[in-house]
Amino acid sequence: MTTAPVLYHLARADFMERVRRYSFLITLALTAYFCYICLPPNHASYVTMRIADHRGVYSSACVGTVVAMLSTLIFSLAGFYFVKNTVDRDLQTGVGQILATTPLTKPLYTLGKALSNFAVLAVMVGVMAVAAGVMQLARREDTTVRVWQLLAPFLFIVLPVMAAVAAVAILFEVIPGLRGGAGNVVYFFLWITGLGFAVQTPAEGHPWRASTDLVAFGVAIPSFVAACESAFPGCAASKEFSMGFNFGSGSVWNLTTFPWTGVHWSVLIVAGRLVWIGLAVLVALLAAVFFRRFDPARESRRQARPRPEAKLVTEEGESRPSGTYASKLSPLPPEARQFRFGVLVRAELRLALKGVSRWWYAVALILIAGGLFSPAAISRFFLVAAWIWPILIWSAMGTRELRQRTEQLVFSIARPLRRQLPTCWLAGVIVAALTGSGTGLRLLLARDGAGLVAWTVGALFIPALALALGVWSGSSKLFEVIYTLLWYAGPASQVASLDYMGATRPPSTSGAPLVFLVCTVLLGAMAVAGRRRQLQL
Amino acid sequence: MKLAIEQVSKVYRGKVWALRDFSLELGPGILGLIGPNGAGKSTLMRILATITRATRGTVTWNGTDIARSPDALRSVLGYLPQDFGVYPNLSAVEFLEYLAAAKGLDRRAARLRIDELLEVVNLVEVRKRPLGGYSGGMKQRLGIAQALLNDPQLLIVDEPTAGLDPEERVRFRNLLSELAGARIVILSTHIVSDVEACATSIVLISQGRLLGHETPEALLRGVEGRVWEWVVPSAELPAVRRRYPISSAVHRSDGVHVRLVAEASPGAGAASASPTLEDAYLHWISSGRRATA
């Protein structure tokens, strides 16, 4: 069979496997809802695109471009996490081992998987485009649907970026260090950096270069600004442009509208956007270099290194002559059945920390020492770092049983809701308390009551969030993404209202500790409800 | 000690019936649950182990409905699922200590019990190795050990000998026989010889329905005079297969030596043979299929 049919069948099978799930339908419904909130009516409490006090009339061109830019913004992040599981699925299901025994080449495999990822994302973009057309009619500012003006932004802005996202997801999946939660966190920071780069890059220079930025700001903004200045001469259009969900300080936004005919998609601009597709192909081919064809011995250097405690033990190596076997079991005395909460907490903690490298502990110690011995103002920054460091330990909470397929063992034990679930959460709290202990002690010594309250709430909140999201999603990914976003938007950016750990000064004035304490309780209830559902109680 | 299954049915998505009106009452002893692949054995095991809820019907443990009060059973339950995982970074001892803590066993007693169990399942020498390096058979033995941790009154083992080498299989059968006494052991398998070796009663299940619940002796009596050994030319074998359930067929120089189950002699030269449990199983399953058809 030649390359194209192989590529087609590989991508098709993987695509079908993913879209024939109820969860995909829910994703499409959420996608359509996202389009709905991207186009708020005038006088709404938020805006998504604003030039000074104005915005474009919701024509096909405006609706298509605004929704396409916002989709690129969101899908370039969420889309990555959504599709980053295709190689893992082959690994988990064992299909990978079958594929590995076929003549399928590594580049063909990674290209096919990237193509499948792209197809999934393209379906979501397609739903977005259709929903944008429907929203244009629903908003009734311009009821003439011009198909090309509506669809061209999706075609040239969103899809090329989605191709790159699809390929990067494959690259992350085949590199052992980036396959798991660490990769999820790394991608988030790559995305933030890329976005910052796109926003700061002036929309100048050669048209094809100006059009290569992530969200196509270089293509659309100059055209929007020119139209605004033409409609409202003297307005601060070139200085005041915002894109994204902006709630402002007042109750509603009162924006006046101006007509906009859309981007003129010249060959040079289209060429600039196609750079993303070229990048996608290169990244997919690069992934082939790292792809190990599901050979467990080559999956990672660490596994391959002969370590006495990790070597595969053979049946022959440990079996003994049958005559020496003990097969009698003593009966368990009734007094042996005494459940102790502390013993299970210890066991959960050991489970959570087992396999963590010495480097991890070394960095954690540095963060604890830094928090303890630095001045109070700087100590809080150590706390911020200390409470992103154990993210992969927390993200395993609530998902470990499904991930390692031990749920039938653990869930068939008595009182899993009253015993295993709270002890698992408590183990997460202990991890938070230990890693943040430097700053915690510093606050205690400084008798900073408000800071201590915020610190305590943070230590309780993080594992509750991890447990709730883990139990409900069955995957560690959701917590890794949401927690990183929250961590970045709150403590790391010093935004008091989202600061769940008290890293901003003063922590008490925002009321955030109380809000996050309530959230902790709600998340705890959510985790219990989710586990009840898993237990079918 | 009584486990009662009353009119239990389980319907999966797409209206797939895994169990239909299944009723059974069990007391101490080893129950062998046998049936072909997809018969509903694992579904029944999961319902009994409180992992899955029945769509209809009730299961009671000493009179308590396990769907309403699952903990009544869970505290005395040992369960070895057909397919289960382990935590790859833990050693066998750590894994068993974790489950012992979750099962509410006293630490000191748990340690003694773990030592004994590791001895019994022959994992003493690899007790401190990470489970990620264990072979399939070793994981299976660890699964057996965890099921016995709390000295269960109800022990449910689903395909327990899968992946075990012949020596370990024999050891496990002996262990089960020793364990049976004042407890209920349910052994689900499609390997008839496992059941033959230790079961005190046998349940036959096919297409989600209970075909029969008998002692091994009664099952054997049921096919007395119906098992035949017959030598047929190899060209006729397909036709014979279509007409009779065949438990074995061996090619020899004089033809194919066939062992089959039939109400009357299948033809000239056929000799009556003494039945085995495999013959009885074949007879029940094939007559069950005919009845369903």
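Chain B is divided into domain 1, covering residues 3-76 and 152-214, and domain 2, covering residues 221-292. The model described here is predicted. The C-alpha centres of domain 1 of chain B and domain 2 of chain B are 29 Å apart. Where these two domains meet, ten residues of domain 1 of chain B are in contact with eight residues of domain 2 of chain B. On the domain 1 side of this contact, at least two residues each are supplied by helix 7 (192-198), strand 9 (201-206) and strand 10 (209-214) of chain B. Helix 7 of chain B gives the largest share of that side, three residues. Sorted by class, the side of domain 1 of chain B that touches domain 2 of chain B holds six nonpolar, three polar and one charged residues.

The pairing of strand 9 of chain B with strand 10 of chain B is antiparallel and extends over five bridges. Within strand 10 of chain B, B:Leu210 is the residue that stands opposite B:Ile205.

Chain A contains 25 helices and four strands. Of its 537 residues, 42% count as buried. Among the contacts in chain A between residues at least 6 apart in sequence, 80% join residues at least 24 apart. The domain assignment of chain A gives domain 1 (3-246 + 269-294) and domain 2 (341-535). The centres of domain 1 of chain A and domain 2 of chain A, taken over C-alpha atoms, are separated by 32 Å. Eight residues from domain 1 of chain A and nine residues from domain 2 of chain A take part in the contact between them. Helix 9 (residues 181-200) of chain A provides six residues, the largest share of the domain 1 side. The side of domain 1 of chain A that touches domain 2 of chain A comprises five nonpolar, three polar and no charged residues.

Helix 23 of chain A was examined individually. This helix of chain A has 25 residues (residues 449-473), which should span 36 Å at 1.5 Å a residue; its end C-alpha atoms are 36 Å apart, in agreement with that expectation. Helix 23 of chain A is mostly covered, as 19 of its 25 residues are buried. The residue that follows helix 23 of chain A is A:Gly474, which has a positive phi near 75 degrees.

The two chains also meet each other. Their contact takes 45 residues from chain A and 54 residues from chain B. On the chain A side, the elements that give two or more residues are helix 14 (315-318), helix 15 (341-353), helix 20 (407-410) and helix 21 (416-435) of chain A. The largest share, five residues, comes from helix 15 of chain A. By class, the side of chain A that touches chain B has 20 nonpolar, 13 polar and twelve charged residues.

Technical notes:
Residues are numbered from 1 along each chain as its sequence is written. Chains are lettered from A and ligands numbered from 1 in the order in which they are written. This is a predicted model: local features need pLDDT of at least 70, side-chain atom pairs count only at pLDDT 80 or more; totals for chains, interfaces and linings use all residues. Domain bounds come from an automatic or database domain assignment. Two residues are in contact if their C-beta atoms, placed from the backbone, lie within 7 Å. Ala, Val, Leu, Ile, Met, Phe, Trp, Tyr, Cys and Pro count as nonpolar, Asp, Glu, Lys and Arg as charged, and the others, Gly among them, as polar. The expected span of a helix is 1.5 Å times one less than its number of residues. A residue is buried if 20 or more other C-beta atoms lie within 10 Å of its own, exposed if 12 or fewer, and partly exposed in between; C-beta atoms are placed from the backbone. Two strands pair if DSSP finds at least two bridges between them.
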